[in-house]
There are 2 protein chains.
Amino acid sequence: MKNQQWKLKARPTGMVSRENFDFVEAAAPSINDGEALVEVQYVSLDPAMRGWLNEGKSYVPPVGIGEVMRAIGVGKVVEAPKNDPALKVGDFVVGMTGIQLLSSAPAKAWTKIDPSLMALPRWLGILGMPGMTAYFGLLDIGGPIKAGETLVVSAASGAVGAVVGQIGKIHGMRVVGIAGGGDKCRYIVDELGFDAAIDYKHDDVRAKMREACPQGIDVYFDNVGGEILDLALASLRKKARVVICGAISQYNSPSFVGPKNYMSLLVNRARMEGFVVFDYAPRYAEAAMAIAKWHKEGKLKAREDIVDGIAQFPEALQKLFRGENFGKLVLKL
Amino acid sequence: MKNQQWKLKARPTGMVSRENFDFVEAAAPSINDGEALVEVQYVSLDPAMRGWLNEGKSYVPPVGIGEVMRAIGVGKVVEAPKNDPALKVGDFVVGMTGIQLLSSAPAKAWTKIDPSLMALPRWLGILGMPGMTAYFGLLDIGGPIKAGETLVVSAASGAVGAVVGQIGKIHGMRVVGIAGGGDKCRYIVDELGFDAAIDYKHDDVRAKMREACPQGIDVYFDNVGGEILDLALASLRKKARVVICGAISQYNSPSFVGPKNYMSLLVNRARMEGFVVFDYAPRYAEAAMAIAKWHKEGKLKAREDIVDGIAQFPEALQKLFRGENFGKLVLKL
């Protein structure tokens, strides 16, 4: 079996495109002692990928020029590690596969999963990095949350936002989601049970936010940055918490814009805090168990947007940054 | 005795000036039952005054057009409240005097002070709002602080910044101050014992900050906003705390600029938090006792910049916003 891989050719300035990558064929990797070879079935496409393409110091090193594009994926073990009974051929695993058909890594770098518990793409969504991000971002960084508090979340139908809002509802918060377009707005209210939705493409966000949050905002969970972050800052309540999870509106912009209303933090004795989900790895099991339970009880729904074919990778990534995906974006290899 | 008062005539856009105020004479106020009449001797000029002049919701209502300009002052009781032995003629008090020679208010609105413990202007500085702001901002919002951590403070020779840095040193931190000009920089290092100074008017702040904070910044206490806030954000260490105390570089600017490097909060799992010192009123005594003790021990020095004459009020305020004061700015009436 041949491998197919997407490698970084040149760092993007502005929007990512096909020109930033090389799509190459390669021989199936030979595995070293203790490594498992995995046939990758789905890879997760996440906003964080844009940051991984930038030069410079961050919470992880950037993807190097000529390296396979970094991605979390789920797949099946096709060659088990020698002398390690932890993984067998046919086992399903999650790990840092990269955007490629075949991926090898030491056995301990793979997490074995049970696909009978939940469909494979969902292990990249509500049980994957987005689910963990939502859980710890809201409960730990945005916390302590209280029933009756008002939670606003941007990119609210997205992989992280949808889980944030639903966990907020489970805890008795008033939840307002910001999303692009009528379909997504109806979905978060009608399907996910949010109290209100703001359509940033068509509504007057400032007026709608005031109307949807008559008491102001206790927790703002930000995935987008830019103007929406500023409007949320202008609506904070005393002792509010602003969770900085992402800034997708800015990632492909040549000039990053900061929140000019940040002095609202002073007036409202509020805090703005960032986090990196990988820090919570020792507690992933706690989050996964809670999310799986809520999902089983019908309190936390999942939705995936699956793009078919490894060849579609650059366009699928553009779809993400244009906000055109509806649900957790996954590439089926 | 006649009263003289500075009243707000028109809200400033951009830098405050004499045109925004009326300087008027008035009869000495007659006092109501329970009120004390105070002859104001010194008033405090603070960056927060600029915010009080703006229309709109904040942590206190704006000064109204035609009202005496709000200010904290210290003075002597010249008419004691009837039937209230708490204040006698000749007592010295601190309170919201406004910019005027004579000020009346209910007895409970005045705090009696002992001028033999510390000179009058100092009750507006290290023992006044700036001292309280420094104490709670650093220890509560910036805390918990640890010996060996790196503290950077802007407007470091100012009323708040000088106290912040000295409290940092008392707690064993490495303290770096940012100030404008060689005199102020020499003062904070040679007189106040800071470890390093950055002259934002003449140094390459980015390079100097890197050099002065080889481990990065654990606590950044911000009084200025703008570009310096951005440079500090770019140098944060993991789990850093950014204390938002003020943004004097922006107050008189027509377009408020936000910190474009705020995503450093995410990368560094850091937080940025604001506060309003008035919330700490129940704990002022704790701060005042600590500061007075450190001052007596020679560990915390005070410096005032005294402008003489109530007629100088608008120009003295401009001096503050131009960064031309050296030490706590006080107007002697």
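Two residues are in contact here if their C-beta atoms, placed from the backbone, lie within 7 Å. This is a predicted model, in which local features need pLDDT of at least 70, side-chain atom pairs count only at pLDDT 80 or more, and totals for chains, interfaces and linings use all residues. Residues are numbered from 1 along each chain as its sequence is written, while chains are lettered from A and ligands numbered from 1 in the order in which they are written.

**Stop one: the domains of chain A.** Select 3-125 + 303-332 for domain 1, then 129-278 for domain 2; the bounds come from an automatic or database domain assignment. The two centres, taken over C-alpha atoms, are 28 Å apart. Next, look where the domains touch: 18 residues of domain 1 are in contact with 15 residues of domain 2. The domain 1 side of that contact has seven nonpolar, seven polar and four charged residues. (Nonpolar covers Ala, Val, Leu, Ile, Met, Phe, Trp, Tyr, Cys and Pro; charged covers Asp, Glu, Lys and Arg; the others, Gly among them, are polar.)

**Stop two: where the chains meet.** Now show both chains: 23 residues of chain A and 23 residues of chain B form the contact. On chain B, pick out α8 (264-267) and β13 (271-274), each of which supplies at least two residues to the side touching chain A. Helices (H or I, at least four residues) and strands (E, at least two) are DSSP runs, numbered from the N terminus. The largest share of that side, four residues, belongs to β13(B). Colour the chain B side by class and you will find 15 nonpolar, three polar and five charged residues.

**Stop three: the paired strands.** Finally, select residues 271-274 of chain A: this is strand β13, joined to β13(B) by three bridges, with the two running antiparallel. Strands pair if DSSP finds at least two bridges between them. Which residue stands opposite M272(A)? Look in β13(B) for M272(B).
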